[in-house]
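Student: I've got the sequence and the structure open here. Can you walk me through the ligand site and some helix packing?

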Amino acid sequence: MEFIDLKSQYKLVKSDILESINDVLNHGQYIMGPEVKELESKLAKYVNQRYCISCSSGTDALLIALMAMDVCPGDAVFTTPFTYVATVEVISLLGATPVFVDIDPKTFNISTDLLEESVLSVIAKKELTPKAIIPVDLFGLPADYRKLNTISLKYNLPIVEDGAQGFGGSIDGKKSCSFGHISTTSFFPAKPLGGYGDGGAIFTNDTKLHNIMKSIRVHGKGIDKYDNIRIGLNGRLDTIQAAVLIQKLSIFDEELHKKEEIANTYSRLLSSHFAVPYIPDLYTSSWAQYSILAKNSEHRDNCMNKLRNEGIPSVIYYQIPLHLQKAYSYLGYKRGDFKISEDISDRIFSLPMHAYLSENEIFKISEILKY
Ligand SMILES: *Cc1c(COP(=O)(O)O)cnc(C)c1O
């Protein structure tokens, strides 16, 4: 059994994908070919944002967004320690200070109450300038943007939505990757919309930021890449990846729908024995992961071993919260600082989740876990 079954998906779209890759090989515009523009306009339309800038990865998407907002040393950027390392890495790379805020125990997304406390405490200390908030749409569930927007307005802190896992989710019909002043996503193969290599995208409605980010994506270009008006990077998406993603986008909603049904079946079968994912009213998840909570870490080990013995993969996202990782020890946090993230890290594990999981497989997994 596959954790995320990219092979079944490939079989389904094989001829379309081979044809569109072949088109790229024939026209030969490997960098910024016509497929890149086509994908960008389709993605902008999908999430209902004025601009989409495709780029080299979800990490570079975040980096470009923060560079465009002039995030620099002395700035505080608020995010959670319960995320993939890339969210925090980009803050540190720019010399700014990641300020961690613990998560909500039900959604695993940033706690808005604790966020406001943290902003106030940074303001009171006067050592750092509060600069931005990076909420993460963890496992595919959008963060609480209603409350986040209130805090954003009150303290004049722009939101960079890390929608690397969120693409496809929604709140009251409004799509993920449309909630930030800038929103970003990733096309890493295992993400909800995955390419056949690295890739990412940035979304905004802000014309000024859009122009700056387009320039940063190509070495800080002015008129062209030999006219350098700011410091940038090589952050383009390959034309071949754009061609693949256009085909994958055409089956994306169908896959989302199937994953929604699979999640519902899992939750119906497992809710008596585990804490299953909590989806607030009006929210939908893109089901980047289907993650459940065991009673404690021994219970989790036991469950994962039983699955492994039956050839069923399961994975822990995330075993070590970022405030306890060696690379971020310089921030001075210690065990006990973010108790909810630490507790969830000890108990969480993710089950196979993809549109091609059969009902029998879901039943089998659930039976193994329960008995
Ligand atoms: C995957 C991921 C990223 C980084 O995306 P890449 O394309 O792998 O660089 C950033 N944030 C989160 C939450 C992610 O899951």
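**The ligand site and a helix pair**

Student: How do the residues of the shell around the ligand divide into nonpolar, polar and charged?
Tutor: Bear in mind that this is a predicted model. Sorting the shell around the ligand by residue type gives four nonpolar, eight polar and two charged.

Student: Which residues come nearest to the ligand?
Tutor: There are 14 residues around the ligand. Those that come nearest are Gly58, Thr59, Asp162, Ser186 and Lys191.

Student: What is the distance from a nitrogen atom of the ligand to an N or O atom in the side chain of Asp162, and how much of the ligand does the protein cover?
Tutor: For the Asp162 side chain, an N or O atom sits 2.7 Å from a ligand nitrogen. On its own, the ligand has 380 Å² of accessible area, and the protein covers 94% of that.

Student: How are H1 and H8 oriented to each other, and what is the handedness of their crossing?
Tutor: Helix H1 (residues 6-27) packs with helix H8 (residues 239-250) at about 135 degrees, their axes 8 Å apart. H1 and H8 are therefore oblique to each other. Their crossing is right-handed.

Definitions and conventions. Residues numbered from 1 in each chain as written. Predicted model: local features only at pLDDT ≥ 70, side-chain atom pairs only at ≥ 80, totals over all residues. Heavy atoms only, no water. Near = heavy atom within 4 Å. Polar contact = N/O pair within 3.5 Å; in protein donor to acceptor, adjacent residues only side chain to side chain. Areas by Shrake-Rupley, 256 points an atom, 1.4 Å probe, with all protein chains shown as cover. Nonpolar A, V, L, I, M, F, W, Y, C, P; charged D, E, K, R; others polar. Axes fitted to C-alpha atoms, helices over the stretch in contact; angles between N-to-C directions. Helix = DSSP H or I, 4+ residues; strand = E, 2+ residues; numbered from the N terminus. Parallel < 35°, antiparallel > 145°, perpendicular 65-115°, else oblique. Left-handed = near helix turned anticlockwise from the far one by under 90°.
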